[in-house]
4 protein chains.
Amino acid sequence: MRKIDEAKRKLVIQAVFEITYDEGITNLSIGKIAKRAGVSKATIYVYFENKTDMLGKIYLEVKRLTDEGLSAKIDSSLPYKKRVRNGVEHFANRFISYPLQANFMRAVQANPSEVEPEILKSSEKLAQPIMDLFNEGVEKGYWITNDQRIVISILFSPIAQLIEYYFKKGQSVPEKQLTEMLDILVNSLVE
Amino acid sequence: MRKIDEAKRKLVIQAVFEITYDEGITNLSIGKIAKRAGVSKATIYVYFENKTDMLGKIYLEVKRLTDEGLSAKIDSSLPYKKRVRNGVEHFANRFISYPLQANFMRAVQANPSEVEPEILKSSEKLAQPIMDLFNEGVEKGYWITNDQRIVISILFSPIAQLIEYYFKKGQSVPEKQLTEMLDILVNSLVE
Amino acid sequence: MRKIDEAKRKLVIQAVFEITYDEGITNLSIGKIAKRAGVSKATIYVYFENKTDMLGKIYLEVKRLTDEGLSAKIDSSLPYKKRVRNGVEHFANRFISYPLQANFMRAVQANPSEVEPEILKSSEKLAQPIMDLFNEGVEKGYWITNDQRIVISILFSPIAQLIEYYFKKGQSVPEKQLTEMLDILVNSLVE
Amino acid sequence: MRKIDEAKRKLVIQAVFEITYDEGITNLSIGKIAKRAGVSKATIYVYFENKTDMLGKIYLEVKRLTDEGLSAKIDSSLPYKKRVRNGVEHFANRFISYPLQANFMRAVQANPSEVEPEILKSSEKLAQPIMDLFNEGVEKGYWITNDQRIVISILFSPIAQLIEYYFKKGQSVPEKQLTEMLDILVNSLVE
DNA sequence: AATGAATGAGAGTTCATTCAT
DNA sequence: TATGAATGAACTCTCATTCAT
């Protein structure tokens, strides 16, 4: 009775990231993953129940990775505006640091039928610290609007879009451009 | 000789929109399209060369539909800020008016491997009026930044995201919320 | 009420010859024939009942073409050996003069399932003059063997094979080589 | 892990032979093969990359089968004429012993577009011993002609044609007839 | 645990043929 | 007569998954 080979599992996950980047999640098949990871197709079923389960589990791992360390960044000892800025910046930096993972995350979000609905739901909970931060600001009247959807959409979508744009070109976002956008976004929403 | 049954062709395209919405572009197959449209699989190949060609052609039709009438809306006789606001509003209204089409457009953009690269390229040209409007503002110093990518990302991504959010829930964006967001976005960028 | 367009029919038949040569009878489809002939697929069904009927009719036409003039060549006023030699030479020359047609003929003979069995049967009758010539020689004791199958196989197969060999290389049989082979064959069988 | 079921692979190959005989190589489809062999269509793709690869591999196996043992038959200790006769007889006997395989071989040769060109090329090398035998005879002045193509065509085509003729009628070549033809052919070419 | 073999279901596509004009 | 539209059947091939070792 052997233990699960963790290294092999990681090869599989890496293969998923790479194929999703190279060919799109549409062309992501078990056969291709196995070949790229250098394992047998059947081996993948040792680690995951099925394809949907696999994508869901990987998605959650990525989500955890991108959220990790967020709380520290929005530490309440800082001025409110700074905390918001730090929160957004955290995700920007994470996406830039883990481009393949971020790309996979976007692909799943754009094709939610690939994973179980509950996976997406549970993943939303990971953003709870950001929600708390928002609510705190609402109570204190820091926001230009009290509509959470508006704030979230404005704070994150443009950043994500910008990072994706450069990533697809095989480049990284210029530091200056990212800073400029962050400033504009935060200033437009927080007093 | 028989004339092309335009109604039948439209049924096919409608089926593409519906399946993409219901099951995702990942699960969009010729077989499903034919079944939903009530035609033979082979008939689809009368209208389109192959699946890639089909998605590309439909994508361009949708693009044309959403861009249609844009120029009139950003008529140069209006104040600059109003023109920008009208331009963004145009797309927002179009996406809301044609939710299935907008959803399909997003799906293709998120899975570009589904269509020929040149299709995406040629579709970008349709947005030229918006680019011209931006450049005009740059010359006249109306923008808070001269970085086109920043402006485009901020103006369109949050709107698109908001509309998609409600659409996925089977709802339409509340008028008030949309107006509020438009105001915030335009105000944050244009003097 | 128009008459059948004989020119169009010939274009179809020519297309059949060309495709059979370029891609093999295996890849001969109604669609390709129509495209190459510059007519509609449906038009082919004006001239022929179906694909099998078409191949059969064309086959018979080719057969007639290759046999045409045979009788004159084996005219009974000549010495017997000369008559045999002329008969074989006739086919050799015909195959060389009509290479595409000969190639089509071989293709059908090698794939008899493509035509109705009766077509093949009726086509055999066209070779009657040769049979008569053989039988005449049997009676007079001119042949080294009285086995008809042996004679026919030896007289025609090597010639056909040689011509095909050069044809496939895009060349014509060297005159001298053909003459040499004819001499050997006829000498080996006729006193 | 499971071992390849060699019996199953043989069933597939046998099905190919049978269908090619019953319906012609034109009507040989993966679906029919699978059904006749009693395996799944997908299983065939475990053994072969694709249809072309399959036909090519089977063709080479057959070629090897028919050539096997040739060298021993044309052993140099025998008189030259006997060696030639043995060589031709070898193929005749092989074709008679393996009629379905021989039929498949002919079908592929008549429809070379069904396999990769290199397959045909590499298969020609198997006939090298015969070429060597011919060349030896040329040097020693044993042949009536020094033209290789003529010799090969005369020695093999009539035999092949005769065997095919009887095979198509579901019969075997009468021993006496075959012997008679062999004698005529060899005598006509070798001193 | 790991994997090559095996497969039913379904993918996209082409086929010969008929329909409607 | 002539033909573009339309289609059911069949095509080759790939899929995610399970089997057997």
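Q: What makes chain B and chain C a pair that no contact joins?
A: This is a predicted model, in which local features need pLDDT of at least 70 and side-chain atom pairs count only at pLDDT 80 or more, while totals for chains, interfaces and linings use all residues. Residues are numbered from 1 along each chain as its sequence is written, chains are lettered from A in the order in which they are written, and side-chain values use heavy atoms, with hydrogens and water left out. Contact means heavy atoms within 4.5 Å. No contact joins chain B and chain C, and their closest C-alpha atoms lie 10 Å apart. For chain A and chain D, likewise, no contact is found, with the closest C-alpha atoms 10 Å apart.

Q: How do you know that chain C and chain D are in contact, and how many residues take part?
A: On the chain C side 28 residues are in contact with 28 residues of chain D. The buried area, which is the accessible area (1.4 Å probe) that two parts lose on being put together, summed over both, is about 2500 Å² here, and carbon and sulfur atoms give 58% of that.

Q: Which kinds of pairing are counted between chain C and chain D?
A: A salt bridge requires a side-chain nitrogen of Lys or Arg within 4 Å of a carboxyl oxygen of Asp or Glu, and the count between these chains is zero. A polar contact is a pair of N or O atoms within 3.5 Å; within protein, one must be able to donate a hydrogen and the other to accept it, and residues adjacent in sequence count only if both atoms are side-chain atoms. By that rule there are 15 residue pairs in polar contact, both residues at pLDDT 80 or more. Helix H10(C) gives the most to the side of chain C that touches chain D, with 10 residues.

Q: Why is the pair Glu68(A) and Arg94(A) called a salt bridge?
A: The closest N and O atoms of Glu68(A) and Arg94(A) are 3.4 Å apart, and the limit is 4 Å, so the pair qualifies. Glu68(A) lies in the loop between helices H4 and H5 of chain A and Arg94(A) in helix H6 of chain A, so the pair ties together parts that are 26 residues apart in sequence.

Q: What makes Glu61(C) and Arg9(C) a salt bridge, and where do they lie?
A: Their N to O distance is 3.0 Å, so the pair meets the 4 Å limit. Glu61(C) lies in helix H4 of chain C and Arg9(C) in helix H1 of chain C, so the pair ties together parts that are 52 residues apart in sequence. At 33% relative accessibility Glu61(C) counts as partly exposed, whereas Arg9(C), at 15%, is buried.

Methods:
Helices (H or I, at least four residues) and strands (E, at least two) are DSSP runs, numbered from the N terminus. Buried means under 20% relative accessible area, exposed over 50%, partly exposed in between (1.4 Å probe, protein chains only).
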